[in-house]
Amino acid sequence: MNHLYNPRTLPEALSILAETQGVVIAGGTDLIPQSRNRQSLPRELVNLTKVKELQFIREAGSWIEIGACTTLSRIIDAPLLQKKAPSLVQACSLIGSVQTRNRATIGGNAANASPAGDTLPPLLIHDTQVALISAAGGERMILLTDYLQGPGRTNQHQGEIIRYLRLRKLPRGMRSAFQRVGNRSGMAVSVASTAVGLLLRGETRDEIQELRIALGAVAPSAVRLPAAERKLQGRELTRENLERAGALAEHHSAPIADVRASENYRRRITRELVVRTLQGLSRASDQEED
Amino acid sequence: MDIQIKVNGINHHLQVEPSTTLLDLLREEMGLTGAKDGCGEGECGACTVLLDGDAVNACLILAGQADGCEVKTIEGLSRRGELHPLQQAFLETGAVQCGYCIPGTILSAAALLEKNNRPTDHEIRKALAGNICRCTGYTKIIEAVRSAAEELRNV
């Protein structure tokens, strides 16, 4: 490794990135372990942790914008996100340890594009967009579903960084949650995960007005399941239909076998996870509506 | 590259290689060997230090990223030779066996108690989830943190 740069502002960071054709580092919680004891660190590294304008959480009408270098700890502690994006807060609180979460950033979790990245299913049920910026090309906005292109691959070009993530607030009254399974309850990469949004209709709330399902760790990227969502829209809230949702999720998953779990286990646990998460949401006491 | 870093209350101006980690800096350059190199990949927590008050894995931070920051290591926890209540509690409770995980564990606990002086056992476990201990089975460690919390509340 030749240089580590510590820009203070975004324009400075982008300009250094363009000049050096370097790589960015923020929390380093993926980059450094991946560099095999720092043997293969990039030659030119641009540290983004001192660029304050990349760290923010703000409300903008029906959107919530989170700066790319906002740490997971800060996301967990944010009252706005606890209320308006509880599935994201739940997911962040399950990632790694306190030490990890104090450094890891939401932009890093997206850019690393692990199939098992836990922030990704919650971001997907919020129809998240990724705001990318570069010195040469200006800004562009792209759906997270288009940004993620496979294990460790994204649509990001050289010289671009994520500036912020833009989440759409859920429909009024929609409850959401995140659940995952790992080989241990802490410090474990997810073997299967799900973020679910459930909006029930009417006084009796026994009909599914809208359902959102996203899965993690069971496909090349985290995925949203629009076909499954459409099939259950307007259906009665019964045990049978929740089981149907689980079966559809299992059907639409495409897991691989690896050191952590078999393909079959991942499929079956996906079904179970979706059913349980939906059951939990349908039983939950009324959340405050804004 | 040049960096300016405050360690245990003392300001330092240093020249570091870009690929040096904060852990290397503390152990090799400054002789502060309390933080340990257990895994080098942020999984074990033996390298835990406090960076601007937050518990972090020093092995995952490049020294250059800590420019302008304040670091506290286990060596900085005691005051004028007096052990911190956490250190005292760990000794008295029998929470220390081989001692390797202890500096990191105590600092994680210190960070917890700074934010929450009345943690439940669940909260203690969550705060220490990133500190692996191969010896004790954690029971005495939890007890020590509980005891230190009480001591700090009564001070």
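**The open sheet and its surroundings**

Tutor: In this predicted model, chain A contains an open sheet of 5 strands, in the order β4-β5-β10-β6-β7, with antiparallel pairing. The edges are taken by β4 (57-60) and β7 (138-143) of chain A; each has a single partner strand, so one side of each is left without a neighbour in the sheet. From one strand to the next, the twist averages 25 degrees.

Within the sheet, β5 (residues 63-67) and β10 (residues 160-168) of chain A are joined in the antiparallel sense over 5 bridges. Helix α1 (residues 10-20) of chain A lies across β6 (129-134) and β10 of chain A, and runs at about 130 degrees to β10(A).

Chain A also meets chain B. The contact involves 28 residues of chain A and 31 residues of chain B. Between them the two chains bury about 2,200 Å², of which 54% is on carbon and sulfur atoms. L4(A), Q99(A) and R103(A) supply 27% of the area that chain A buries against chain B, more than any other three residues.

In chain B, helix α5 (residues 139-154) can be checked for its length. Its 16 residues, at 1.5 Å a residue, should span 22 Å, and the end C-alpha atoms are 23 Å apart, which agrees. The buried residues of α5(B) are I141(B), I142(B), A144(B), V145(B), A148(B) and A149(B). These residues cover an arc of only 160 degrees around the axis, which puts them on the same side of α5(B). T139(B) and N154(B), on the other side of α5(B), are exposed. The packing partners of the buried residues of α5(B) are α2 (85-93), α3 (102-115) and α4 (121-127) of chain B.

E75(B) lies between β5 (70-72) and α2 of chain B, in the loop. Its relative accessibility is 32%, so E75(B) counts as partly exposed. Not counting residues up to four places away in sequence, E75(B) touches N8(B), L32(B), T33(B) and G34(B). E75(B) and A35(B) are 40 residues apart in sequence, while their C-alpha atoms are 9.2 Å apart in space.

Terms used: Residues numbered from 1 in each chain as written. Chains lettered and ligands numbered in written order. Predicted model: local features only at pLDDT ≥ 70, side-chain atom pairs only at ≥ 80, totals over all residues. Heavy atoms only, no water. Pairing = 2+ DSSP bridges. Helix = DSSP H or I, 4+ residues; strand = E, 2+ residues; numbered from the N terminus. Axes fitted to C-alpha atoms, helices over the stretch in contact; angles between N-to-C directions. Contact = heavy atoms within 4.5 Å. Expected span 1.5 Å × (residues − 1). Buried < 20%, exposed > 50% of the residue type's maximum accessible area, 1.4 Å probe, protein only. Arc of directions from axis to C-beta. Buried area = accessible area lost by both parts, 1.4 Å probe.
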